[in-house]
Structure formats: structure tokens, C-alpha cells
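The tour moves from one selection to the next.

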Amino acid sequence: QVQLVESGGGLVQPGGSLRLSCAASGDTFSISTMGWYRQAPGKQRELVATITNGWNTNYADSVKGRFAISKDNAKNTMYLQMNSLKPEDTAVYYCRYYTRTQDYWGQGTQVTVSS
């Protein structure tokens, strides 16, 4: 099994920056994709960004040019650097680890962008 522990959420002003971290532990040796998703109140959960074993990245149009997904394999950690934050970025952000046969989610971390 895989355990995912997120950190870095909090309150930030519009235009500010924040970096989220997702530390993975357990059986993480399979070929996998990791990603960040978010869910705002009253809205469905949506994809923010993904990164594969081959380091290919994918971003939602709403965050392109502002967010950057990355990972440190030595630390078994994934990151989401968020810049130029907007109030509409406010949501609970979730870390995801999945393979063809497994799917794990973190507990979520709150990001609030407000003046």
C-alpha cells in the first residue's frame, strides 16, 4: 500500500505564492502517475496537474503558466509550486498516486487565496 501525506496549504493573498508537498511512502516501486487535484465548495473535483514516471507533465488550462508540478524521486516527494494565486484557486488540494491497478489519495490540504 501507499501512504500520502500532504503539507504546505494555508492562507495567501492574491498574487502570492505557495508550495504544496506530497510525501509518499510504502510500496511506491510500480510505474505510476502522480497528480494534484482540487475541489472547491459546491464544485466537482478537478485535475490541476499530473506528472508521470517519464516526467511528462500535464496542466489544467486554468493554471498553465502559474503552477508547476515537480518531484524529487530521492525524497519520494511531489510538489506543486503555485504562483500568481487568484481567489478562484481557493480549494482543498489533493495528492494522488495511481497505477493500472492502484489508486491512492491524500487527505487533502486547504488553500485559501484571499485579501
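Start with the aromatic cluster: select Tyr37, Tyr94 and Trp105, which ring pairs link together. Keep in mind that this is a predicted model. A search of the whole structure finds three aromatic pairs.

**Stop 1: the rings**

Zoom in on Tyr94 and Trp105. Their ring centres are 6.5 Å apart and their planes meet at 80°, so this pair is edge-to-face. Colour by strand next. Tyr94 belongs to β9 and Trp105 to β10 (residues 103-105), so the contact ties together parts that are eleven residues apart in sequence. Tyr94 is buried, at 14% relative accessible area. Trp105 is partly exposed, at 33%.

Move to Tyr97 and Tyr104. Here the ring centres lie 6.3 Å apart with the planes at 50°, so the pair is tilted. Tyr97 is buried, with 1% relative accessibility.

**Stop 2: charges over rings**

The charged end of Arg45 sits over the Tyr94 ring, 3.8 Å from its centre. Then select Arg96 and Tyr98. Arg96 lies over the face of Tyr98, at 3.9 Å from the ring centre.

**Stop 3: the disulfide**

How many disulfides does the structure hold? It holds one. Select Cys22 and Cys95: the disulfide joins them, with an S to S distance of 1.9 Å. Cys22 is in strand β3 and Cys95 in strand β9, so the link ties together parts that are 73 residues apart in sequence.

**Stop 4: the open sheet**

Switch to cartoon and select β1, β3, β8 and β7. These four strands form an open sheet in the order β1-β3-β8-β7, with antiparallel pairing. Which strands stand at the edges? They are β1 and β7; each has a single partner strand, so one side of each is left without a neighbour in the sheet. Look down the sheet to see the twist, which averages 15° from one strand to the next.

Now walk across it. β1 and β3 run antiparallel and are joined by six bridges. Select Val5, which stands opposite Ala23 in β3. Then pick Ser7, which faces Ser21 in β3. Step from β3 to β8: this antiparallel pair also has six bridges. Ala23 has Thr77 as its bridge partner in β8.

**Stop 5: the two faces of β1**

Stay on β1 and show its side chains. In a regular strand, side chains alternate between the two faces of the sheet. Which residues of β1 point to the buried face? Val2, Leu4 and Glu6 do, and they are buried.

**Stop 6: the nonpolar core**

Finish inside. The largest nonpolar core has 28 residues. Select Trp36, Leu80, Met82 and Tyr93, which touch the most other members. Then colour the strands that each supply at least two core residues: β1 (2-7), β3 (18-26), β4 (33-39), β5 (46-52), β7 (67-72), β8 (77-82), β9 (91-98) and β11 (109-113). Among them are β1, β3, β8 and β7, the four strands of the open sheet.

Note on methods
Residues are numbered from 1 along each chain as its sequence is written. This is a predicted model: local features need pLDDT of at least 70, side-chain atom pairs count only at pLDDT 80 or more; totals for chains, interfaces and linings use all residues. Side-chain values use heavy atoms; hydrogens and water are left out. A nonpolar core is a set of buried Ala, Val, Leu, Ile, Met, Phe, Trp, Tyr and Cys residues joined through side-chain atoms within 4.5 Å. Buried means under 20% relative accessible area, exposed over 50%, partly exposed in between (1.4 Å probe, protein chains only). Two strands pair if DSSP finds at least two bridges between them. A disulfide is a pair of cysteine sulfur atoms within 2.5 Å. Axes are lines fitted to C-alpha atoms, for helices over the stretch in contact, and angles run from 0 to 180 degrees between N-to-C directions. Rings of Phe, Tyr and Trp (its six-membered ring) pair if their centres lie within 6.5 Å; planes under 30 degrees apart count as stacked, over 60 as edge-to-face and the rest as tilted. A charge sits over a ring if NZ of Lys or CZ of Arg is within 6 Å of the ring centre and within 35 degrees of the ring normal.
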